[in-house]
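Hello,

Here is the structure I promised to pass along. Have a look at it first, and my notes on its charged side chains follow below.

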Amino acid sequence: TRDRPDRKSNEGAPDRPPSAPLVVSRRRDFVVENAHRASHHRIRRSPSVDHLIQLDEKRKSDFRDYKRGSVPKYLVSRQERWAREDEERRANAPDPLCPPGHVLMAKSEQASTLRMLEKSKGDMLKQLQALPVGSDSLRVRTRQGELESKLVEIDDAIKVFSRPKVFVKDE
C-alpha cells in the first residue's frame, strides 16, 4: 500500500490484495453530526408564536431606538399654531378695563396732551409767582385762588394722562 501514493492508507485495516475492489469502510460519528445539526437547527414553532416573538422583538427595538427628550414635530406645529391663534384673539379682543362708550387713547396723542399740560402748569406757576406778595387786596386773593384751583385741575389731569392706558369717550 505504500507503493501507491494516490491511494489513502488505511491504518488498522487488514491488507488486501491489489486486485480486490476498494471498499472504504468509514465509520460515522453520529455524536458529532448530531451536535453539528443541533447547533444549526432552528426550533420550529407555530406561526403565531413566531409572530408574537417578532412583535416582541420589534417593540423592544422600537423602545430602545426611541428618541427621548424631544417633542414630535406635529405637536410643535400645533403649539405654534395655538400660540398664534391666542395672540390674534388677544389682539382683537376689546380691553376688559375699557368702560362702555370709551376707546383707548393713542400713545402719541396721550404724550402730546401730557406735554401741553406740563407747559400750561409752568405758565400757571409763573403767573402765581408774579402776583404781589405784600398786597392783600380782594383782586389779588381771587386771582390767587383761581390760579391755585387751575393748578389742582392740571395736576389731576397730569395724573390721569400719566397712566399707561387712558380711555376717552367715543365720538
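**Salt bridges**

Arg 59 and Asp 56 form a salt bridge, with their closest N and O atoms 2.8 Å apart; the term stands for a side-chain nitrogen of Lys or Arg within 4 Å of a carboxyl oxygen of Asp or Glu. This is a predicted model, so local features need pLDDT of at least 70 and side-chain atom pairs count only at pLDDT 80 or more, while totals for chains, interfaces and linings use all residues. Residues are numbered from 1 along each chain as its sequence is written, and side-chain values use heavy atoms, leaving out hydrogens and water.

Back to that pair: Arg 59 and Asp 56 are separated by about one helical turn because they sit three residues apart in helix 2 (residues 47-65). Helices here are DSSP runs of H or I with at least four residues, numbered from the N terminus. Arg 59 is exposed at 52% relative accessibility, whereas Asp 56 is partly exposed at 30%. On this scale, buried is under 20% relative accessible area, exposed is over 50% and partly exposed lies in between (1.4 Å probe, protein chains only).

Helix 3 (residues 73-92) has a pair too: Glu 85 and Arg 81 lie four residues apart, about one helical turn, and their side chains meet in a salt bridge at 3.7 Å, N to O. Glu 85 is partly exposed at 43%, as is Arg 81 at 37%.

Glu 33 pairs with Arg 28 at 3.0 Å between the closest N and O atoms, and a network of salt bridges links Arg 28, Glu 33 and Arg 37. In total, the structure holds 11 salt bridges.

Best wishes

Methods: Helices (H or I, at least four residues) and strands (E, at least two) are DSSP runs, numbered from the N terminus.
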